Amino acid sequence: MHQAGLWAKAVRLRWRQLMRLQSEAPLVLLFSDGSAALLVGHDSKREVVFLKDPRTPSADPPIAVDELRLEQLWQGTALLVRRARGGSLEDEPFTLAWLARMVLGERRTLREIVVASLALSVLQILPPFLIMVAIDRVLTHHSMSTLALIALILALIAGYETLLGYARREIVEVMSTRLDARLNLHVFGRLLELPIDFFERTSTGGTTHRISQVFKIRDFLTGKLVSTFLDTFTLIVLLPFLFWLSATLAWMVLAASLLIAVIIAAFLPAIRRVWANMVAAEIKKGAVLVETVHGIRTVKALALENARKLEWDERVAEAGQARLQTGRISNWAQTLVTPIERFIDRGVLLMGAYLVLSAPADTTGVSTGALIAFMLLGTRVAGPLIGLAKLIQDVEDVRSSVAQVGEVLNNPTESAASRGGLRPVFEGAISFNEVTFAYPGAKTSALDRVSFDVPAGTMLGVVGRSGSGKSTVTRLLQGINREYAGFLKIDGADLREINLTHLRRSVGTVMQDNFLFRGTVLDNIIAGRPNLTLEEAVRAARLAGAEEFIERLPGGYETWIEESAANLSGGQRQRLAIARALVADPRIVILDEATSALDPESEALVHANLIRIAEGRTMVIVSHRLASLVDCDRILVMERGRVADIGRHHELIERCAIYRHLWLQQNRHTEALGGQPTPKPAVAPAE
Ligand SMILES: Nc1ncnc2c1ncn2[C@@H]1O[C@H](COP(=O)(O)OP(=O)(O)O)[C@@H](O)[C@H]1O
Ligand SMILES: [Mg+2]
């Protein structure tokens, strides 16, 4: 539903609600026999609803149905469908404003928090107020019952505080969980929408580190932000009360808190600077770590451990330096702030005591009880005030985290192309017309006015020297790179007009190195496509020549494959990848050097299956081993991004110097032995 730009929700309705329905949005009634009908209107005077059967022609008039007849079929389940909200958060750049909108989007929770906080704050005033009354009115009478009263009240306070703490933590937890889930879903969804060339341009370590900053944002949103939010309410309620208790003392607390805010604000520019350094250093460090783990085979095989260690040492030192600098500056700020915090704690008490002692209560307005009440509440006010000031600093941190995540997420996504566009059923005719393409940042074009046509069902071989643009041709076909000039058509439909997800689902691809996911063999073949079954997986495995080895595995299709599939041989892994590409029965299959890394025996096995695989499909087979392409219907010869020639093997041997040269390079030994690996006798090299 989401993919078609629609939003749907299952609801339960009663007849009376159908009669009162005002919404313009379509409503689908789901019947108990599994069918469904569209509700197109109702007439509350005649007590009927108008239904349309989706299977009848759209010109047919809707059927009027009354309550009795509807209830025979309908139990009250309905599907509410409407257009996904335009300009939704999902498409907007990831910024602080975006975050703010997401938080504000939690309107109901926020309202609950506001109401609860106000109630909690009022409750917080009560105990100190009672104490004040108890001390001022009762203590003077020197009675034992007063002590008992105070004890009782203190117990009450403890009870209150326990409850308040509980309620507050509960609210925060609920809100945290919701925000966390929304944030994580959003970030991952966006990450997957980024085009492959983004991941090719950036280091994995850098990207993962940047994305992991989301956790910091989450912590801020759900920790500091929410608690400051709650505290602010306490503040709003408590401040007037404090001023009522003693304006002098209240002003002192306010002034001290303000001073703290000023100090923290003064440190901000410096903190921002060192913070940026630290982030940069951490990203570099993360890149080394991920790269090393990723390339650990090479590191071990070439005994590069020491070199990596040296590099790591440097990065750790750099990051450590930056961290120390940041810590030092924060420490200075904290050091300057501490005495003021203590003043709020204790200075105000002394000051208050002085006020109580030096003048009678009726002139200064401060009684002993008021002083004690003030002490009980004062720290509750100072905390939030300082918290608000520190919030500025935290907002800075988060701004930097948001910027980092945004650096990844705010790249152009493929989402528009994956949502709209045509979804034709492919036959498999491919046509390149004057296609020119250069990779972003490259000086020369990877493809230069490439033109060729192949009808559906062709087995197309692609050959050429390394770097001649073979893989680029396949990448354009899969819609990985889309900024090409010229026209690329499948069955006459412009590739740019085709829905990207549909395109990639309709094109099966096997590369030289294929990633197998952790999971069973079956999981890997089906690869999460929900409508596929074991039967289809077995069929695909048979086609790929993987069946015999899968059946010999200890668990068969349920055998667990670890990350990077260490328990399978290269040939087995490749055949599994081919099965995965074939399982959805794509009309177009691309094999880009799929057998190049295989031993001759595995290669022969895969090639023996190619003819069967090719039945009813268009195949694009890139291979540098020309002998495996001899049987192709057409062979495309690439040279420096241009099409040098296209034709059958025997034609090319005769007329294409590049092809002949490549052929002889690989088959000279057989020539020398007088072997004839070609259908046609080879001719001497032209050069
Ligand atoms: N992801 C990429 N980014 C930038 N340049 C690339 C990328 N992939 C390939 N190229 C360049 O494009 C040219 C064609 O590469 P490619 O199509 O991979 O060649 P082939 O598959 O024939 O060996 C080469 O010059 C290569 O350096
Ligand atoms: Mg290649």
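How many helices and strands does the secondary structure of the chain come to? The chain has 23 helices and 18 strands; helices (H or I, at least four residues) and strands (E, at least two) are DSSP runs, numbered from the N terminus. The model is predicted, and local features need pLDDT of at least 70, side-chain atom pairs count only at pLDDT 80 or more, while totals for chains, interfaces and linings use all residues. Residues are numbered from 1 along each chain as its sequence is written, with chains lettered from A and ligands numbered from 1 in the order in which they are written.

**The whole chain**

Display the C-alpha trace first. Its atoms fill a box of roughly 125 × 85 × 50 Å along the principal axes. The radius of gyration is 36 Å, whereas a compact globule of 687 residues would have a value near 26 Å; the radius is taken over C-alpha atoms, and the globule rule is 2.2 Å times the number of residues to the power 0.38. Of the 687 residues, 28% count as buried, that is, with 20 or more other C-beta atoms within 10 Å of their own, the C-beta atoms being placed from the backbone.

**Helix α15**

Next, select residues 470-477, which form helix α15. Seven of its eight residues are buried, so the helix is largely enclosed by the rest of the structure. The buried residues are K470, S471, T472, V473, T474, R475 and L476. Just after α15, G479 takes a positive phi of about 75 degrees.

**Helices α20 and α21**

Then select residues 570-582 (α20) and 600-614 (α21), whose axes come within 10 Å and cross at roughly 15 degrees. The two helices are therefore roughly parallel to each other, a term for angles under 35 degrees. To see the contact, show G571, Q574, R575, I578 and L582 of α20 with S602, V606 and I613 of α21; residues are in contact if their C-beta atoms, placed from the backbone, lie within 7 Å.

**M619 in strand β16**

Finally, select M619, found in strand β16 (residues 618-622). M619 counts as buried because 23 C-beta neighbours lie inside 10 Å. Leaving aside neighbours within four places in sequence, M619 is in contact with M459, L460, V589 and A614. For a distance across the model, draw a line from the C-alpha atom of M619 to that of G420: the two are separated by 27 Å and lie 199 residues apart along the chain.

Methods
Axes are lines fitted to C-alpha atoms, for helices over the stretch in contact, and angles run from 0 to 180 degrees between N-to-C directions. Angles under 35 degrees count as roughly parallel, over 145 as roughly antiparallel, 65 to 115 as roughly perpendicular and the rest as oblique. Two residues are in contact if their C-beta atoms, placed from the backbone, lie within 7 Å. A residue is buried if 20 or more other C-beta atoms lie within 10 Å of its own, exposed if 12 or fewer, and partly exposed in between; C-beta atoms are placed from the backbone.
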